[in-house]
Amino acid sequence: MRVVVLGAGVIGTTSAWYLARAGHEVMVVDRQPEAGLETSFANGGQISVSHCEPWANPAAPKQVLRWLGRRDAPLLFRLRADPDQWLWGLRFLLECLPGRTRRNTDAALNLAMYSREELRALRRDTGIRYDLQTKGILHLYEQRHEFERAKRQVKHLRERGLDAEPRTPQECIGIEPALRYSTVRLVGGVYAGSDESGDAHAFTRNLVDLCRACGVSFRFNVSVKRLEVARGAMERVVIDDETGIEESLRAEAYVVALGSYSPLVLQPIGISVPIYPVKGYSITLPLESDDVAPETSLTDHARKIVISRLGNRLRVAGTAELNGYDTELNAHRCSVLVKRCFEWFPKAGRPERAQFWTGLRPATPSNLPLIGRTKYPRLYLNTGHGTLGWTLACGSGRALADIVNGRRPEPDFRFLGLDAKTKGTTPTVASV
């Protein structure tokens with residue numbers, strides 16, 4: 001079939017790769033001048049199967065209340081006269097119930113483990129390069145109660161096949177020697193040795209080259225104006241082409257992989273998806289040969305920050321801010337990342353050289369993506385990955401290609417449009 005993929009971030013590009021490998025004729029369109037320039041550009045870099053518990057968990061409501069009014073809050077609701085924000089917040093609170101948290105964690109874990117294996121297979125098959133590190137992820141804790149809760153979570157993850165182990169502060173330093181200079185009081189950690197890290201933007205850019213070799217065409221500097229349906233099915237995508245002239249794209253299948261902007265093109269055709277933009281920040285520090293920076297990827301659970309080594313750079317990313325589609329850099333929140341980085345690693349480069357970035361994560365209240373068929377024949381979704389886009393990219397792309405091909409994907413996950421009697425069930429998004 002001829003397939004049009006809307007969006008050339010890591011999700012759209014992996015979708016194109018697996019669709020092309022399945023024999024389809026694929027075109028990808030994106031408004032940016034090249035692939036991976038929005039949410040995929042400067043994220044935290046983690047392939048974090050061990051971090052599948054969603055933000056919406058039983059501890060979250062109390063934390064959010066404690067953080068209200070703090071400019072440096074890890075999760076910051078900037079309340080607006082925006083019904084979508086309030087509805088998303090109410091759904092978020094519902095997903096904090098213990099049973100829902102466990103269900104969502106298990107679903108994300110299933111897809112994440114599958115996705116990591118698909119990424120490894122892609123790497124073996126193609127030799128793709130993206131500043132890969134295979135030294136695991138070390139989760140760090142300052143508060144005793146958070147560490148005890150993490151140990152209970154680890155027990156569940158281990159039962160599901162993940163190699164995560166609690167570690168003492170001394171063992172954490174043994175795993176990542178650069179921690180010996182830290183000024184943070186560490187009470188313990190959890191180490192997931194099979195987790196990985198790497199540059200999502202470099203991966204996406206290099207995968208574009210591999211896609212082109214498989215016949216995929218890319219059109220950049222192209223804006224999606226609207227989707228049009230006729231006789232109950234997808235009819236065409238209307239775009240402004242590279243010169244600003246309106247053009248129609250027609251295909252046998254269409255995939256919406258527009259991240260946070262997916263609701264804006266879906267709502268006019270009567271598809272409501274529970275996706276809200278959650279702004280995250282990152283800094284990138286150039287490293288010199290004598291800098292003492294970590295090699296192992298790290299997660300600071302107190303501040304919701306991740307730290308990853310990407311070749312001769314250190315990426316520090318995190319926090320979440322619900323403020324609509326605002327993409328303005330907040331200097332204070334950037335400075336918080338810099339300060340925290342150098343509390344952990346005082347010898348990791350020079351703070352004045354930090355490069356700042358912000359982007360919008362397409363978050364669902366459950367932190368689970370929407371992958372699969374919509375109510376319109378020929379229209380598919382692969383969007384809403386929140387903080388786990390890089391982690392879930394290859395598995396999501398492969399699963400999407402299977403669904404387009406009429407096959408049931410391998411992971412036990414609630415894919416859109418699958419019969420409830422099959423391995424997955426239909427998510428409760430009534431109008432999808």
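Tyr130 is buried, with a relative accessible area of 2%; buried denotes under 20% relative accessible area, exposed over 50%, and partly exposed the range in between, with a 1.4 Å probe and protein chains only. The model is predicted, so that local features need pLDDT of at least 70 and side-chain atom pairs count only at pLDDT 80 or more, while totals for chains, interfaces and linings use all residues. Residues are numbered from 1 along each chain as its sequence is written, and side-chain values use heavy atoms, with hydrogens and water left out.

A search of the whole structure finds nine aromatic pairs. Rings of Phe, Tyr and Trp (its six-membered ring) pair if their centres lie within 6.5 Å; planes under 30 degrees apart count as stacked, over 60 as edge-to-face and the rest as tilted. The rings of Tyr130 and Trp390 are edge-to-face, because their centres are 5.6 Å apart and their planes stand at 80°. Tyr130 lies in the loop between helix H4 (98–126) and strand E5 (137–141), and Trp390 in helix H10, so the pair ties together parts that are 260 residues apart in sequence. Helices (H or I, at least four residues) and strands (E, at least two) are DSSP runs, numbered from the N terminus. Trp390 is also buried, with a relative accessible area of 5%. Elsewhere, ring pairs link Trp88, Phe92 and Tyr276 into a cluster.

Helix H10 comprises residues 389–404 and contains Ser396. At 0% relative accessibility, Ser396 counts as buried. Apart from neighbours within four places in sequence, Ser396 is in contact (heavy atoms within 4.5 Å) with Leu111, Ile371, Asn382 and His385. H10 lies across E13, E19 and E20 and runs at about 170° to E20. For such angles, axes are lines fitted to C-alpha atoms, for helices over the stretch in contact, and the values run from 0 to 180 degrees between N-to-C directions.

These strands belong to an open sheet of six strands with mixed pairing, in the order E9-E2-E1-E13-E20-E19. Its edge strands, E9 (217–219) and E19 (370–373), each pair on one side only. The twist averages 20° from one strand to the next. Two strands pair if DSSP finds at least two bridges between them. Strand E13 (residues 253–256) pairs with strand E20 (residues 379–383) in the parallel sense over three bridges, and Leu379 in E20 is the bridge partner of Tyr254. E19 and E20 run antiparallel and are joined by four bridges; here the partner of Arg373 is Tyr380 in E20. E19 and E20 form a hairpin with five residues between them, and Arg378 in the turn has a positive phi of about 80°.

Helix H1 lies across strand E1 (2–6), strand E2 (25–29), E13 and E20, and runs at about 170° to E2. The twelve residues of H1 (residues 10–21) should span 16 Å at 1.5 Å a residue, and the end C-alpha atoms are 16 Å apart, which agrees; the expected span is 1.5 Å times one less than the number of residues. Eleven of the twelve residues of H1 are buried, so this helix is largely enclosed by the rest of the structure. Among the buried residues are Val10, Trp17, Tyr18 and Leu19. Gly23, which follows H1, has a positive phi near 100°.

Charged side chains also lie over rings. Arg31 lies over the face of Tyr261, at 4.4 Å from the ring centre, and Lys304 over the face of Trp55, at 5.8 Å from the ring centre. The criterion is NZ of Lys or CZ of Arg within 6 Å of the ring centre and within 35 degrees of the ring normal.
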